[in-house]
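Subject: Structure handover

Hello,

Here is the structure I promised to pass on. My notes follow below it.

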Amino acid sequence: MNAPRIAAPVTSAAGRFFTGVGLLLRGLGLYVRSPGLMLLGIVPALISGVLFVAAFATLAYFVDDLAALVTPFADDWSATWRNLVRVVAGLAFLGIGGLLAVVSFTAVTLVIGDPFYEKISERVEERLGGTPGAVDVPFWPSLRRSLADSVRLVGLSVLFGIPLFAAGFVPVVGQTVVPVIGAAVGGWLLAVELVGAPFYRRGMRLPERRSILKADRPTTLGFGVAVFVCFLIPLGAVLVMPAAVAGATLLARRALGQPITAG
């Protein structure tokens, strides 16, 4: 099936970026006003949240040892310079660990909560007039496709994470520019992952949804970066995940040229 190409709106890139941020806020509004959606979405996110908080806490606990392990060349340096380079290395570990944790959390949570998040996405679409071109998506094939796509996206995050980790050792740049790039990369990967359900419902796979989202990259980035930042806040991932699924449904409909307001 050929993916339709939707022309990006003729507005500034900054305006479209904040439009994407607004889609997350609208998803949050739909979520807060629907107690049923809240109950559907909180359990799988909570399970994943406990696992990933424990994993990140473990990384933070051992980060000094890891920093020393990757900087043996600094063993004979003066204490000041040795400590400085190892602080930079530790920050690089934590930064890339955060990027991988956020993307992996989303992938794992969507797999665990596939039927829950599918239902949230369906309810959002029902409120907006239904799903044009919907196809039947059996549960097990859908789960296998979701798992395969999630593995690919996590692999991409690792691929991008390696050079970002190396760049994290560059003084100043590693602590300023690299986190911004990491948020942009993580935001894009999150957006591509989160819109999976509405695209699957229309019979579209990962390459098609990626191609369609690229037609309005600033809006996609605005949504994804907003989600990424929320997920970095303690408990943010657990609380925001269902709202992110609702907002991603709005993003998918907008990218496909379909209405995102009721009536």
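One definition to start: buried means under 20% relative accessible area, exposed means over 50%, and partly exposed lies in between (1.4 Å probe, protein chains only). By that rule tryptophan 77 is partly exposed, at 39% relative accessibility. Phenylalanine 73 is also partly exposed, at 46%.

Two ground rules. This is a predicted model, so local features need pLDDT of at least 70 and side-chain atom pairs count only at pLDDT 80 or more, while totals for chains, interfaces and linings use all residues. Residues are numbered from 1 along each chain as its sequence is written, and side-chain values use heavy atoms, with hydrogens and water left out.

Aromatic pairs

Rings of Phe, Tyr and Trp (its six-membered ring) pair if their centres lie within 6.5 Å; planes under 30 degrees apart count as stacked, over 60 as edge-to-face, and the rest as tilted. The structure holds 5 such pairs. One of them joins phenylalanine 52 and phenylalanine 105. Its geometry is edge-to-face, with 5.9 Å centre to centre and 85° between the planes. Phenylalanine 52 sits in helix α2 (residues 35-70) and phenylalanine 105 in helix α3 (residues 79-112), so the contact ties together parts 53 residues apart in sequence. Helices here are DSSP runs (H or I, at least four residues), as strands are (E, at least two), numbered from the N terminus. Phenylalanine 105 is buried, at 4% relative accessibility. Phenylalanine 73 and tryptophan 77 make a tilted pair: 5.6 Å centre to centre, 55° between the planes. Ring pairs also link Phe52, Phe105 and Phe231 into a cluster.

Charges over rings

A charge sits over a ring if NZ of Lys or CZ of Arg is within 6 Å of the ring centre and within 35 degrees of the ring normal. Arginine 209 lies over the face of tyrosine 200, 5.5 Å from the ring centre.

The expected span of a helix is 1.5 Å times one less than its number of residues. Helix α4 (residues 114-127) has 14 residues and reaches 20 Å from first C-alpha to last, close to the expected 20 Å. Its buried residues include Asp114, Tyr117, Ile120, Ser121, Val124 and Glu125. They cover an arc of only 135° around the axis, which puts them on the same side of α4. That arc is taken from the directions from the helix axis to the C-beta atoms. Just after α4, glycine 129 takes a positive phi of about 110°. Leucine 128 is in the loop between α4 and α5 and is buried, with a relative accessible area of 13%.

Helix α6 (residues 173-194) has 22 residues and reaches 30 Å from first C-alpha to last, close to the expected 32 Å. It bends by about 25° at proline 179. The bend is the angle between axes fitted to the seven residues ending there and the seven starting there.

The core

A nonpolar core is a set of buried Ala, Val, Leu, Ile, Met, Phe, Trp, Tyr and Cys residues joined through side-chain atoms within 4.5 Å. The largest one has 50 residues. Leu194, Phe223, Val227, Phe231 and Met241 have the most contacts inside it. Helices α1 (13-32), α3, α4, α5 (139-167), α6, α8 (206-214), α9 (217-232) and α10 (236-255) each supply at least two of its residues. The largest share, 12 residues, comes from α10.

Valine 87 is in helix α3 and is partly exposed, at 48% relative accessibility. Its C-alpha is separated by 7.5 Å from that of alanine 67, 20 residues apart along the chain. Leucine 159 is in helix α5 and is exposed, with a relative accessible area of 56%. The C-alpha atoms of leucine 159 and valine 87 are separated by 24 Å.

Best regards
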